[in-house]
Amino acid sequence: MQRTRQLRPVDELEAVRIIAAIREAVGPGVEILIDAHGRFDVPTAIRLANALAPHRIGWFEEPVPPRTGRAAPVPRPLRRAGRVGERVYTRWQFRPLLEQKLADYIMPDVIRTGGISELKKIATMAEAFFIPVSPHDATGPITLIAGAQVMMTTPNF
C-alpha cells in the first residue's frame with residue numbers, strides 16, 4: 001500500500017505557485033487537471049484543495065487513497081475537492097461514496113471493478129445520485145474502449 005504523506009509548507013507553496021503560473025499562462029478558458037495519485041494525507045489534501053481553489057482547478061483526482069474498511073472511501077472535508085474512485089473496486093464500496101455525496105465524479109476502472117457488467121451497474125447506481133461517471137483508464141486501448149462502451153449504453157451526465 002502506498003504511504004500517504006504531508007508536504008512541507010515550502011513545497012505546498014511551490015505547488016500552488018506552479019499552478020498559478022500555469023493558470024496565468026493558459027488563461028481562464030482552459031481546465032487544469034491534477035492527478036494526485038492518492039499521495040496525500042487528509043490535512044495536506046484539504047490544504048492543497050483550498051489553496052488551489054482560486055485557480056479554478058477542474059480536476060483534483062484522488063487526493064487521498066481509498067480508506068478500505070471504513071464507511072466512506074474519502075473523508076467528508078474533501079467532498080467537493082476531487083474526483084475519486086480509481087481504486088474503489090465494488091459497487092458496495094461505491095455505495096457510501098454516492099449516498100454521502102462525497103465526490104463530484106466517480107472513476108471506476110473496468111479492470112478492477114470486475115468488467116463491463118459491473119462497471120455498468122456502478123454507472124447506473126451513480127445515475128440515481130446524479131453523480132457523473134468518468135471511467136478510469138490507465139492501461140491502454142482495450143480498457144478505453146470498454147469504458148466507452150459502458151458510457152455509450154448507460155446514462156451519464
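Mentor: A nonpolar core is a set of buried Ala, Val, Leu, Ile, Met, Phe, Trp, Tyr and Cys residues joined through side-chain atoms within 4.5 Å. "Buried" means under 20% relative accessible area, "exposed" means over 50%, and "partly exposed" is in between (1.4 Å probe, protein chains only). Before we look: this is a predicted model, where local features need pLDDT of at least 70 and side-chain atom pairs count only at pLDDT 80 or more, while totals for chains, interfaces and linings use all residues. Residues are numbered from 1 along each chain as its sequence is written, and side-chain values use heavy atoms, with hydrogens and water left out.

Trainee: Okay, how many helices and strands does the chain have?

Mentor: Helices (H or I, at least four residues) and strands (E, at least two) are DSSP runs, numbered from the N terminus. Here you get six helices and two strands. Follow the sequence along and the pattern reads α-β-α-β-α-α-α-α. Of the 157 residues in the chain, 43% are buried.

Trainee: Back to cores, then. Which residues have the most contacts inside the largest nonpolar core?

Mentor: The general idea is that in soluble globular proteins, nonpolar side chains tend to be buried together. In this model, the largest core has 17 residues, and Phe94, Leu98, Ile106, Ala126 and Val133 have the most contacts inside it. At least two residues of this core come from each of α3, α5 and α6 (141-153). The biggest share is from α5, which gives four residues. There is also a second, separate core of 13 residues, with Ile19, Ile32, Phe60 and Val64 among them.

Trainee: How many salt bridges does the structure hold?

Mentor: A salt bridge is a side-chain nitrogen of Lys or Arg within 4 Å of a carboxyl oxygen of Asp or Glu. The structure holds six. One of them joins Glu12 to Arg47, with the closest N and O atoms 2.7 Å apart. That pair links distant parts of the chain, since Glu12 is in helix α1 and Arg47 is in helix α2, 35 residues apart. Glu12 is buried at 12% relative accessible area, whereas Arg47 is partly exposed at 38%.

Trainee: How far apart in helix α1 are Arg17 and Glu14?

Mentor: Arg17 and Glu14 also form a salt bridge, with the closest N and O atoms 2.7 Å apart. They are three residues apart in helix α1, so about one helical turn separates them. Arg17 is partly exposed at 47%, and Glu14 is partly exposed at 35%. Now try Arg91 and Glu118, another salt bridge, whose closest N and O atoms are 2.7 Å apart. Arg91 lies in helix α3 (residues 91-99) and Glu118 in helix α5 (residues 116-128), so this pair ties together parts that are 27 residues apart in sequence.

Trainee: Last one! Which residues form a nonpolar patch on the surface?

Mentor: Patches take residues with over 30% relative accessible area and no salt bridge, joining like charges within 9 Å and nonpolar side chains (Val, Leu, Ile, Met, Phe, Trp, Tyr) within 5 Å. Here Ile18, Ile22, Val26 and Val30 form one, with about 280 Å² of accessible area together. Those areas come from the Shrake-Rupley method with a 1.4 Å probe, and for residues only the protein chains shown count as cover.
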